[in-house]
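Work through the following exercises with the sequence and the structure open beside you, and try each task before you read its solution.

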Amino acid sequence: ADKNKTFSVNFYETVATITVDMSQGFSVEGISTDRDEAANITRSTSTNYTLDAYQCKDTLGTPSNQVMSQASILGLCIDLGADVEGTQFDDVLNLTLTQDNNGVS
């Protein structure tokens with residue numbers, strides 16, 4: 001996944017046209033507007049989710065109880081659950097595997 005994402009921010013700018021009738025002796029010295037510079041704001045956030053991870057045999061998430069041996073390729077599926085719909089993650093930073101029958105990690 002691309003970690004260098006680009007975002008665009010839009011704003012509404014109004015162009016005003018002013019017409020002055022000079023027949024009554026009215027004069028205009030000048031009209032000016034000031035525009036504030038756009039600010040760059042960076043905010044970080046973090047959220048913890050509870051998820052389920054299980055051995056699977058395909059990209060569809062079909063559960064598997066296949067016996068693994070050294071150098072076998074482990075299919076690992078991660079289910080974020082329905083409460084985090086629309087959320088995705090890019091990397092797994094840490095992973096600990098535990099074998100249920102003997103507690104080996």
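**Exercise 1.** Find which residues Ser 64 touches, leaving aside residues up to four places away in sequence.

*Solution.* Ser 64 touches Gln 55, Cys 56 and Lys 57, where contact means heavy atoms within 4.5 Å. This is a predicted model, in which local features need pLDDT of at least 70 and side-chain atom pairs count only at pLDDT 80 or more, while totals for chains, interfaces and linings use all residues. Residues are numbered from 1 along each chain as its sequence is written, and side-chain values use heavy atoms, with hydrogens and water left out.

With a relative accessibility of 13%, Ser 64 counts as buried (under 20% relative accessible area, with exposed over 50% and partly exposed in between, for a 1.4 Å probe and protein chains only). Finally, a polar atom of the Ser 64 side chain lies 3.1 Å from the backbone nitrogen of Gln 66.

**Exercise 2.** Determine how many disulfides a search of the whole structure finds, and which parts are tied together.

*Solution.* The search finds 1 disulfide, meaning a pair of cysteine sulfur atoms within 2.5 Å. The disulfide joins Cys 56 to Cys 77, with an S to S distance of 1.9 Å. Because Cys 56 lies in the loop between β1 (52–55) and β2 whereas Cys 77 lies in strand β2, the pair ties together parts that are 21 residues apart in sequence. The torsion about the S-S bond of Cys 56 and Cys 77 is about 85°, so this disulfide is right-handed. Both Cys 56 and Cys 77 are buried.

Terms used: Helix = DSSP H or I, 4+ residues; strand = E, 2+ residues; numbered from the N terminus. Polar contact = N/O pair within 3.5 Å; in protein donor to acceptor, adjacent residues only side chain to side chain.
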